Amino acid sequence: VSFDPGIPFQDDDRRDHQQGFAHFGGPHILSLVTEVATRALKAVRFQKYNVHRRCRPEVLAARLHKVDDLEKMAPELRDMFSDLETSGILSYLEELNGKDNYLLPMAFCEGSPMHPAYGAGHATVAGACVTVLKAFFDCKTVFKANGVDSNHAYVSVEGGKELQLVPVYDEYCEEAHLTVEGELNKLASNISIGRNWAGVHYFTDYYESLLMGEQIAIGILEEQKLMFGENFSMTVPLFNGDSLRI
């Protein structure tokens, strides 16, 4: 995949006799991906412990399971219990667990991590690392399949309710194109949503943490811009559909 058009050292070697390496090359990109990962984890830990301290879904389910014992201490639990009862979620849990058992089934036998739910560490790191990659590479690049067998991929249709098998590259069908931006966004989402499936996070943990990771990466890239003498720019497509030029 080509670099972002604003990255330097991309001319033919016969013209400028240089390539990106420690600056604007593979080692530069890899070092930044690891750097934003550590910064993202530090930032999300601050949000978890110093700001939000949101209980995990497993903990909330346990409190609802013990609502009769806890409602004097936390009367809002009874209102939440009634809302969930109306929605049918509690009856679904009873089908899984048995009558009057509202504990949350967990994908991990050890249960949830001991630190708070919001934000999500996986999602924050994914958002930060993917943003660095989107900054360095040409995100509009379309993947072209090599050979007949690899010429199709599944894309979501009907607002994400179904998957449809379409050609990876078809010059007459723009909707079927798989771009670098789209694949990186899917990677970040899958890493984040996987923690929701496991039962250790809520939807907002996933999405808002992606955005926090994105901002962390943008801040580091802006710092980088001030440290190099080369005249360069990066166009970063954002998770909300907008773009930012650094």
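Me: In which hand of crossing does α2 pass α7?
Reply: This is a predicted model, where local features need pLDDT of at least 70, side-chain atom pairs count only at pLDDT 80 or more, and totals for chains, interfaces and linings use all residues. Residues are numbered from 1 along each chain as its sequence is written, and side-chain values use heavy atoms, with hydrogens and water left out. A crossing is right-handed if the near helix is turned clockwise from the far one by less than a right angle, and left-handed if anticlockwise. For α2 passing α7, the crossing is right-handed.

Me: How do α2 and α7 run, roughly parallel or roughly antiparallel?
Reply: The axes (lines fitted to C-alpha atoms over the stretch in contact, with angles from 0 to 180 degrees between N-to-C directions) of α2 (residues 26-52) and α7 (residues 121-136) come within 8 Å and cross at roughly 150°. Angles over 145 degrees count as roughly antiparallel, and under 35 as roughly parallel. That makes α2, relative to α7, roughly antiparallel.

Me: Is D205 buried or exposed?
Reply: D205 sits in helix α9 (residues 203-227). Buried means under 20% relative accessible area, and exposed over 50% (1.4 Å probe, protein chains only). D205 has 0% relative accessibility, so it counts as buried.

Me: Which side chain makes a polar contact with the side chain of D205?
Reply: A polar contact is a pair of N or O atoms within 3.5 Å; within protein, one must be able to donate a hydrogen and the other to accept it, and residues adjacent in sequence count only if both atoms are side-chain atoms. At 3.0 Å, the partner of D205 is H201.

Notes. Helices (H or I, at least four residues) and strands (E, at least two) are DSSP runs, numbered from the N terminus. Angles under 35 degrees count as roughly parallel, over 145 as roughly antiparallel, 65 to 115 as roughly perpendicular and the rest as oblique.
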